[in-house]
Structures are given as C-alpha cells and as structure tokens.
Amino acid sequence: MSKYTKAYAKKLVSEMTTEEKLSQMLYASPEIERLHIPAYNWWNEALHGVARAGVATMFPQAIGMAASFDPDLLYQIADVISTEGRAKFQQFSSKGDRDIYKGLTFWSPNINIFRDPRWGRGHETYGEDPYLTAELGIAYIRGLQGEDADHLKAAACAKHFAVHSGPETLRHEFDAHVSEHDLYDTYLYAFMRCVKEAKVEAVMGAYNRVNEEPACGSRRLLQTILRDEWQFEGHVVSDCWAVNDFHLHHGVTKTAEESAAMAVNHGCDLNCGNAFLHLGKALEQGLVREEMITAAVERLMDVRIRLGMMEGYPSPYAQIPYEKVECKEHIQLSIEAARRSLVLLKNKDNILPLDRKKLHTIAVIGPNADSREALIGNYMGTSSEYITPLEGIRQYAGEEIRVLYAQGCHLYKDQVEALAAKKDRFQEAVFAAERADAVIMCLGLDATLEGEEGDAGNAYAGGDKPDLRLPGLQQELLETVAATGKPVVLILLSGSAIDLSWADEHIDAVLQAWYPGARAGKAIAEAIFGAYSPSGRLPVTFYADAAQLPDFSDYSMENRTYRYTSCKILYPFGYGLSYTKIRYYDAAISHTRCSVKDTVTITAKITNEGSYPLHESVQAYIRHKDKKAYEPGFQLKGIQTFYIKPGETKQAEIKLQARDFAVITEEGTCVLCPGTYEISIGGCQPDGRSRELLGYETDVFLVQREGEEERIGY
C-alpha cells in the first residue's frame, strides 16, 4: 500500500459516521452518496474463470491446472481472468449494476492442502503438496492482481485460513486439532508464501475451529501469525456466515453481538454473512472498540481506492473493452490449459495414440461421455460453447470413422430411466463395444457428487466422497465392457483420486482428465488421436488401498499424502506418462559439503529422444537422511517446465535455498539443521513405485550440510 492510498483511506473513513463505517464491513456495502463512495458487493469468484456472472472463458478446474506443474501457465490464466473480470466490471458498473459476483475482489485461489482424497472440495485446490500449492498460488495471485500493488488489476484472496479440508458435513462445528509441526510444515506454508511473496490482498478465514479457536475469530491465526509474524497488510474476510457459527454451532460465544465482536477484535474486517449487522449493538455493549472498526474500514477503503473505485485515483485498467471477454485468444488458452492438465496414467503397448488409419468404428461409452457437468467443476462461469468428450471425438474422427455412443449407466443411480429395470443401459453399451474397433470409456464424477456442503448433492457425505470407488454401476459397466475383449481406453473425469486398481490391471490405457473446462472435449480427442502428447503430472496421490487411509476427521499428517504415507501407492504424486521418450543425464550438484545457510544448485541435461514435442516438468526433491519420525520423507522443493521439441536438449537448473532444507520441529519452529540430505532431480519422485512405472532411476545426490543448528523465520 502506498502512503497516498493509506492517507486517502484514512481521510475517507474519518468523514464517516459510525453507522456508515459499520455498513462498509458487510459484503454488500451500500453507497455513501455524500462521500462519493459507490455501492459495492465484495463477493466474487474466479477459481478457474470469472464465475457466476454470465459468459466468461472457462479454464480447467484448479486441480487440473495444478497438473501442469507450471506456474507460468497459471499466471497467464489468472491474467486472462482478471482482464475479463475488469471488462465485465466496467460494463456492469456503467449500467448501474453492482450486484453480487460483479466486482473485482475475487475470493480465489483456494490454497488449502488436499490432505485426504475423500474431501469434496479438494478439486478447488492445487493438490496435496505445500510447495507446489505455494508456487501455483503465488503465480495465480500475481496474475490476478497485476504488477502494480498501488493499482490493482483485481484483488485476490487466499482461502480458507486455515487447517481446512473437511469433513464438509461437520465444518460449521468441527475443531481441527493439529500439531505445531503439521501446522507450520503443511497447513500454513502456502499461506505464508502467498502473503509474503505474492502480497495477496485478502485472506478468507475458514469455518472450522483450529485447536479450539474459530478460524474467523482466532487471535493466534489472524493476529499473532497473519499480521504480527507475517506482516500482512491486506484485509481479512470471513467465510460466508461463518461468524454466526461461533454461537450457533461452535459454542464459543453466546450471542450474535459477542460473535461479531470476537471476529473484529481478532482481525476480521469484512463479513460475508449477516453477523456484522450486530456490530452496532456490540459497540453499545462495550464488546468492541470503535478504533477496531475504524482500522478495519480503512483497510477496506484502501483496497477499493487501489482498484480505482474512488474519485481522483483512476485505474489504468479501466479501458479494457468488453470484447476481451471470451475472445479467441482466451478460448485458445483455455484449450491449451486443458491439454496441459491431462495426465496419462497407463498406456499398455502404446495403444495411445489411436491410429485413425486402422479404425472404422469407435464406441464412446459412459455417463461422462456427453456430460457438460463433468467439464465444469464448481465455482464456474457460463461458456458460450461446450465440447464434451463425445463431441470432441466426433469432430476429430470426421466422416471416415463411425462413432457409436452409449451412456451405459447413470452417474450414480442403478438405472437411467426411472421406471426401467436396474442396468437398463448396459446392453446398449455391450452392443456398441462389440461393433467397435476400440472403446473409449468416459467415467468418474462431477461436482454434484464431490463439492461443497450445500452445493453437492452427495447424499452419503454432504459433498465428500464416502470412499474412493467409482459411484453407482460404473465399475460394473467398465468390467462388462472390458469383457467384450475390445481395446479399452478409460478417460476419467473427476476432481480427485479414484481407486483404479482394477483398471490398472485390466484396462489398456487410462487418462486422467479432471474437470477440464468448457471446450475440453477438443483437447481430449486430440490427445487420444495423437495431435499432441499428454504431459500432466499428478498433483495428488492415487492410492491402491484406501482402507489404509487414516480417519477423515484426523488432521495429523501421519500416513497422509506422498510426504508422509506408508500406504500402497497405485500412481504417485508427480507421475505422468507421455507419447515421447525423455532422457535425463549428466546430472550434477554444486556442493556435496556446504554450510547450512548455503544455496545448492542441481542441474541435469534433458533430451527429447521421441517424436512428439513435450512440456516436461522437472522436479527436485529433498529428504533429510537422518530425519526424525515426525519429519516428512522426500518432498518437492523445486520445479521447472520446458517445452522440448524432438531431438532437442535443454539444461535444467534448480536452485535450492537454505529454507528449502529447513526442518519444522515438533514445537513448530523452523530450523536449519546440519546433517546429510538427499536431493533428486528428474521427471518424477525418487520412489520405488515411480521407478517401477517409468522404468528409470532418478538421480539422487547426498549433501552434507555443516554448522550449528539455527532457527530462522518461516
């Protein structure tokens, strides 16, 4: 924040009455005509495109974007989203339309850690790894906000702070008990970096309690950590109606006035909900001081000034034309993002890409084959065109190849037609498969089954998945079609890991497509027929035995995610196949002995020895060889993405800073520790399952870091 905007905000607020100040702390803030402050609704969403306000370019859901492992791509996507958000805001405002979802304060990204594959909102995140989440979150925030902090293009919001990842059905009353090690090692890391490095303008509190304190009224989270330790200067917004939970469900206060006062006193500036309607009475009762109200409103006015909403401080982005919304260039980027999101999990005998010359008939089967819902995820906008996998395959196949379609089964019910017998679409699927040269099965989930409590219609778990199995009759349909003996390619559209143990053993090829965006059927078809090679990597672990997962409500990281798990892994974090051959060689490291404070550089040559160009994601992992039981194993600490043409060689170079080697102790302190560290560089984790699947070893180096143990900042 500049001194000018702070002074401007201070002057504006000084001229407000108490009632006017209180009115500006509600998400639907009314006009103050005499001060030339227009009405403003703070609530807007931009998880993977401008949401809920009509037509906008729709990108892959966040988990799909994360599979690119490419911060530069996320920056480009977020830059497009803020461009469209600006264009829409200017047009809406010019017509006097200041409704919800039409502002410039985007409550995105969601940087919670996807610690458990059953969590329904996991597909809103960037996966299970704190480092990857931080890198992608920083890029997304910078793309949304622009390069000039004093003239924000839009305002991003890191959510949900903190320790929030289900269960959805309990979120209004749940107390997440978390150790100091897990708090700082896993749950706060991405938030810390988004605040310190990306200068995110807003932070949204979570619904749950964290170690007894409600997150939206936590002195420790909002004051001690966020503002004191991290020097956060932006504003804090509550999750929607979360402050009411203080007295209605958490039982930490008795009245709405006490809840509102608790939130404000501990650092919450803006209320999504209606609890702050009671702040006037809280003031009268002496529960909150007016200085706290004033400070909160000054922060809110400051961001509105920097967004160009006040007189005398215009925005350089105000002239972005409406024609930028869903323009040709933006649509092309959305399709490219869909291509980059696809993860090839299995490709037996290189069945993919399919050879058009050898095909006369293709069967496209499954409840997600022609489903728009399976394209879009949640928190979505409206596309002017949708291309489902079936439509994309038909378009690509052209007149030469006949495409047969069968729904096969409902997404989760036992029959498609209400009066029909169970499995009423099975035989049609068999007929189609028997007549085809190859079968493309489109199975999985959509956001009606996994999503936010209240939005998802999952009758079993309120948005969360009860288990990792394909719902309804889908697994039986897959086995029935496979029994025809025809080659089967499985396209899985889901926002999270599914148990693919049977498919891994019996199906020829598996492609994870996530919720890939409005026109992604084009990208899926192109991948199937070899117009390009898939290059995505898994941002989450696919488990082979979900029975080993800890209790969903246990927030200990023990046996969770690739960093801590001892579960049997089917497809590891960071894994993904392609249609080309990438060779890593001449790997080297700058130091084998160094101080605990030194930077270490790791390098490798990468050659594309195949026939497809590829976006290759180079990954560097670190493990403290003498680690204590509570410390993680190998953990991602460096990424670099190259576009490599056939026959081309690139040099990867990843610098690992002292903080990358730091250990979070059981007490939650961040320390540089002497000892032996293992460092790997390659296209995957240095784990046994990745070696088994990919058929090559990842280079691992030992580094002896010397000196005294030293505590550092987070």
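Helix α4 (71–94) passes α13 (residues 328–341) in a left-handed crossing, a term for a near helix turned anticlockwise from the far one by less than a right angle, clockwise being right-handed. The model is predicted: local features need pLDDT of at least 70 and side-chain atom pairs count only at pLDDT 80 or more, while totals for chains, interfaces and linings use all residues. Residues are numbered from 1 along each chain as its sequence is written, and side-chain values use heavy atoms, with hydrogens and water left out. Helices (H or I, at least four residues) and strands (E, at least two) are DSSP runs numbered from the N terminus.

The axes of α4 and α13 come within 11 Å and cross at roughly 145°; axes are lines fitted to C-alpha atoms, for helices over the stretch in contact, and angles run from 0 to 180 degrees between N-to-C directions. On the α4 side, the contact (heavy atoms within 4.5 Å) is made by L73, Q76, I77, V80, T83 and E84, and on the α13 side by H330, L333, A337 and R340. These residues of the α4–α13 contact divide into 5 nonpolar, 3 polar and 2 charged, where Ala, Val, Leu, Ile, Met, Phe, Trp, Tyr, Cys and Pro count as nonpolar, Asp, Glu, Lys and Arg as charged, and the others, Gly among them, as polar.

A search of the whole structure finds 47 salt bridges, each a side-chain nitrogen of Lys or Arg within 4 Å of a carboxyl oxygen of Asp or Glu. One of them joins R121 to E452 at 3.2 Å, N to O. This pair links distant parts of the chain, 331 residues apart: R121 lies in the loop between α4 and α5 (130–145), and E452 in the loop between β12 (438–444) and α17 (474–482). R121 and E452 are both buried (under 20% relative accessible area; exposed is over 50%, partly exposed in between, with a 1.4 Å probe and protein chains only). R121 and E452 also belong to a network of salt bridges with E124, E168, R171 and E453.

The structure holds 24 aromatic pairs, in which ring centres of Phe, Tyr or Trp (its six-membered ring) lie within 6.5 Å, with planes under 30 degrees apart counted as stacked, over 60 as edge-to-face and the rest as tilted. The rings of Y4 and Y8 have centres 6.0 Å apart and planes at 70°, so the pair is edge-to-face. Y4 and Y8 both lie in helix α1 (residues 3–14), about one turn apart. Y4 is partly exposed, at 47%, whereas Y8 is buried, at 17%.
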